[in-house]
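Look at the structure, then read on.

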Amino acid sequence: MNTQDTIQVRELPVFPLRNTLLFPFMVGPFSAGRRASIAAIEAALASEDKLLLVVAQRDAGVEEPRGDDLFTLGTKAVIKRMARSEETIEVILQGVERVRITEVTQTRGHLRAHVEPAPVVLEPGAEAEALQREVVSLAGRFQALAQTVTRIDVDELARQVQDPMQLVYLLASVIGLDLEKAQRLLETSEQIPAMKLLHEHMRREYQILELRKEIAGQAETAMGREQREYLLRQQLRAIKEELGEQDPEGAEATGVRRRFEEAELPAEVRREAERELSRLESIPAASPEHQVIRTRLDLILELPWGRHTDDNLDLGRARRILDEDHYDLTEIKERILEQLAVLKLNPEAKAPILCFVGPPGVGKTSLGQSIARALGRKFERFSLGGMHDEAELRGHRRTYVGAMPGRIIQALRRVESSNPLLMLDEVDKLGRDFRGDPASALLEILDPAQNYQFRDNYLDLPFDLSKVFFITTANAMDTIPGPLLDRMEILRLSGYSDEEKLEIAKRYLLERQRTQAGLSEAQFTIPDEIIAKVIRRYTREAGVRELERMLGRLARKLALQVAEGQGDVPSITPDRLPDLLGSERFQPEEARKELPPGVATGLAWTATGGDVLYVEAIQRPDGDKLTLTGQLGEVMRESAQAAQSYILSQTQRLGIESPKPGLHIHVPAGAIPKDGPSAGATMATAVASLYTRRAVRSDTAMTGEITLTGLVLPVGGIKEKLLAARRAGLKRVILPKQNEKDLRDLPEPVRREMEVVLVDRVEDVLRAAMREPPAALAAA
Ligand SMILES: Nc1ncnc2c1ncn2[C@@H]1O[C@H](COP(=O)(O)OP(=O)(O)OP(=O)(O)O)[C@@H](O)[C@H]1O
Ligand SMILES: [Mg+2]
């Protein structure tokens, strides 16, 4: 063992943060947009343990930080989840431990740091105990005063935490310290000083809250004073006018007033604007209050009160536009056309709230744009991903320094129309914390019974959202809050097969990339076999985003050759691809050729498409425990237990002699967290195969939830799962009978090539999966 190992120096990719940090033990969403940050995350994702270093920048303004720009104390963190969007990567990180940076280097487009663990020195004893009680009680009062929607039960937490620092960091996250304070807390390396520091910050935040309450209470009395001042100012103005003196504030206010006279505003809005205008006239321009009023008046002026675009309800034209922009997606297009028909018959009809669910790059966003185009409505979008402050949606109260309207009102101001198509991306990645639950604000925004008078905290006037056509998007449904899910109509977009991708490329992507690169049709034709190769060897995705990027790269390479005047552009042949796009990125994945007893092939559905996975079971001579490994989630662990219990209840039928309960079940490809009930059938098969010593067919994969009584229940993601099976060269798939309806959505070649066995019971699965099923089963 060398010295490096003993002090556990590690080299990690660095994800520098601006204005924020991540404490150890805490989990939080982060968004990486800078190239070096994205490269660092990619590097971490490619590593086995998915670890990286998160550390705050000393100066948030530095675009490309180097070693010196970072604090030396940071947090080693693990990537729990990840989602890509056009220009950013969103990650959910969990802080693992506090580390000190010893050296920073730069490689492959990102920073890497040598770090060593720097655990906080714990100082158990009476003082620590007393401090802990004090902060816990303060936290309770703080939450009560802040009137947060989602309360954290601090007492309960204090009992549960293993490490007292966990509680310290949690409370620090709850009160939301600014970076300077948070970093100081992170840098405090002993427990008691850290607790004292936390206590001090909490006291301060608590006092601020108290003060704010008080001020709100005084607002009414202040009103009286303001009015008196107003009268005095009016008199002053009259005197000045008499004297013929300039009055710049008055001139400005008159300008705003004139704009208001020309604007078309609902009566209530006009009354409020009137009030604000007279306040504006009464307050000196130098006062900060003046600017606040002025900004709000501008917002009122710019909002599209009642201004809207007229819908184009020509169904034929709409159908043409939808087809023009997107391949297939028939069901969704039909649903949209239905909606247009409804609007045509009843213009007052409430628009449904649609939710497009599907893997990245399958066209959710672009379909939204296309619908807006077909309807002739304005289009606007923003992402809900990682949003955990209700005020981001609904705005801050104006008493807040730096208050702003929420994202909804901002979007309406941008589109200048009160009936746009508003796309809210990533509903499945909404956050929540003590600052309020944005999901409940969203509920109100989407509810036709309430949203005709939506009240943004900043605007503080009702705005009618009922004519807005809302579409939300998500990669997966399981993390969408239930009440929201109820309110939306789910439309699924699934991943594409290689054949479908080829069609999409030929009909849509090539043309687009060709025009963007400024090439003529003659200069840019790509044979199908090349596209097919790009699909298989250069991309691995459910959608077509990467494919489009690759085709774009091809087009630009050719454009360069044309521009450099290299005469006739040589046509693209398969062996030129590595020159143009670099070496092949993916080898075709292949299913295992031979499975020993105890191994079965399953199919998983992930937010980015489908995957083949193996369930491996072996007998453990000792004990009677069921050991599960491979980063399995709670639900998956339970289905492993159910699988074992069921198989053990059927020993006679399956011809199992003296079974030993000690089992170890492992699902490799370990770093990917796996969850969900759909591996039940595969688990049962692996366990049965082990106990009966009968091997499972290696050309067959299976999916299905199972019950303790041996029923096989339907599961999601059938299309993605079948595409994954086919990609891996599997020929047969065992599916729950109740999933039969999903087979309709399969592309023709998949339906033709794959043999699908539909089953009701675990026994059917075993019979279809095993090379030589036990006699009792075969007879059944
Ligand atoms: N069926 C299709 N026909 C034509 N083009 C498509 C189709 N599906 C996707 N595309 C194209 O693929 C690209 C990526 O699609 P888009 O950005 O809409 O994905 P998305 O589903 O919103 O993904 P994410 O979940 O990452 O936001 C767009 O350029 C889109 O036009
Ligand atoms: Mg999108």
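A nitrogen atom of ligand 1 lies 2.9 Å from a polar backbone atom of Y327. The model is predicted, so local features need pLDDT of at least 70, side-chain atom pairs count only at pLDDT 80 or more, and totals for chains, interfaces and linings use all residues. Residues are numbered from 1 along each chain as its sequence is written, chains are lettered from A and ligands numbered from 1 in the order written, and side-chain values use heavy atoms, without hydrogens and water.

Q: How much of ligand 1 does the protein bury?
A: Taken alone, ligand 1 exposes 640 Å², and the protein buries 92% of that. Areas come from the Shrake-Rupley method with a 1.4 Å probe.

Q: Why are F15 and F30 called edge-to-face?
A: Rings of Phe, Tyr and Trp (its six-membered ring) pair if their centres lie within 6.5 Å; planes under 30 degrees apart are stacked, over 60 edge-to-face, the rest tilted. The F15 and F30 centres are 6.4 Å apart and the planes are at 80°, so the pair is edge-to-face.

Q: What does this pair tie together?
A: F15 lies in strand β1 (residues 10-17) and F30 in strand β2 (residues 27-32), so the pair ties together parts 15 residues apart in sequence. Strands are DSSP runs (E, at least two residues), numbered from the N terminus.

Q: How many aromatic pairs does this rule give?
A: The count comes to four.

Terms used:
A polar contact is a pair of N or O atoms within 3.5 Å; within protein, one must be able to donate a hydrogen and the other to accept it, and residues adjacent in sequence count only if both atoms are side-chain atoms. Helices (H or I, at least four residues) and strands (E, at least two) are DSSP runs, numbered from the N terminus.
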